[in-house]
Amino acid sequence: MSEDKKDLGDKAKDAFDDAKESAKKAAEEAKESAGEFKEEAKKTAQEFREGLNTAGGDNKKILAGILGILFGSLGIHKFILGYNKEGVILLAITLIGYATTCIVVGAFFFWIPGLIGLIEGIIYLTKSDEEFYNTYQVGKKPWF
């Protein structure tokens, strides 16, 4: 009977050693996988950071589009995109239109910048993000 117990004890010890060895292998594999995951995460974060830097982090398509539709005659959408000269032109034409409203010509000066803003706002919102960015932020196309 002691012989059976010894065999059973040896079997348990062997099973324990096998389990211990399997756990070590699993831990090593998990450590390798975690290291690979860490490297991939760093790489992805770096790519995201580079993309953000090249994009400037300031794609203002929706803001410029909505402001162009609502306040296009004031040129606010131009100022948002960094086109200060064009924004001042729209604002000046609108102010001249307000000042000369008593003359029929003033209504015309007031109406044209609003129409320009409306058209540009719709164009901004209908372009894809990439197309908008390349056209108006990288390419610096000031009108339409």
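**Salt bridges and a helix pair**

At 40% relative accessibility, Glu131 counts as partly exposed. Keep in mind that this is a predicted model. Glu131 pairs up with Lys127 in a salt bridge, and their closest N and O atoms are 3.7 Å apart.

As a general point, side chains of opposite charge can pair when their charged atoms come close.

Another of the bridges joins Lys61 and Asp129, with 3.2 Å from N to O. Lys61 sits in helix 2 and Asp129 in helix 6, which covers residues 129-138, so this pair ties together parts that are 68 residues apart in sequence. Lys61 is buried, at 12% relative accessible area, while Asp129 is partly exposed at 44%.

Then there's Lys78 with Glu120, whose closest N and O atoms are 2.8 Å apart in a salt bridge. Lys78 belongs to helix 3 (residues 76-81) and Glu120 to helix 5, so the bridge ties together parts 42 residues apart in sequence. Are these two residues buried or exposed? Lys78 is buried, with a relative accessible area of 0%, and Glu120 also counts as buried, at 0% relative accessibility.

Helix 2 runs over residues 61-71 and helix 5 over residues 104-126, and the two pack at an angle of about 155 degrees with their axes 7 Å apart. Angles over 145 degrees count as roughly antiparallel, and helix 2 and helix 5 are therefore roughly antiparallel to each other. The crossing of helix 2 past helix 5 is left-handed.

Which residues make the contact? On the helix 2 side you'll find Lys61, Ile62, Ala64, Gly65, Ile66, Gly68 and Ile69, and they meet Gly117, Leu118, Gly121, Ile122, Tyr124 and Leu125 of helix 5. Sorted by class, that contact has eight nonpolar, four polar and one charged residues. Lys61 turns up here again: it is part of the helix 2 contact with helix 5, and its side chain also meets that of Asp129 in a salt bridge.

Technical notes: Residues are numbered from 1 along each chain as its sequence is written. This is a predicted model: local features need pLDDT of at least 70, side-chain atom pairs count only at pLDDT 80 or more; totals for chains, interfaces and linings use all residues. Side-chain values use heavy atoms; hydrogens and water are left out. Axes are lines fitted to C-alpha atoms, for helices over the stretch in contact, and angles run from 0 to 180 degrees between N-to-C directions. Helices (H or I, at least four residues) and strands (E, at least two) are DSSP runs, numbered from the N terminus. Angles under 35 degrees count as roughly parallel, over 145 as roughly antiparallel, 65 to 115 as roughly perpendicular and the rest as oblique. A crossing is left-handed if the near helix is turned anticlockwise from the far one by less than a right angle, and right-handed if clockwise. Contact means heavy atoms within 4.5 Å. Ala, Val, Leu, Ile, Met, Phe, Trp, Tyr, Cys and Pro count as nonpolar, Asp, Glu, Lys and Arg as charged, and the others, Gly among them, as polar. A salt bridge is a side-chain nitrogen of Lys or Arg within 4 Å of a carboxyl oxygen of Asp or Glu. Buried means under 20% relative accessible area, exposed over 50%, partly exposed in between (1.4 Å probe, protein chains only).
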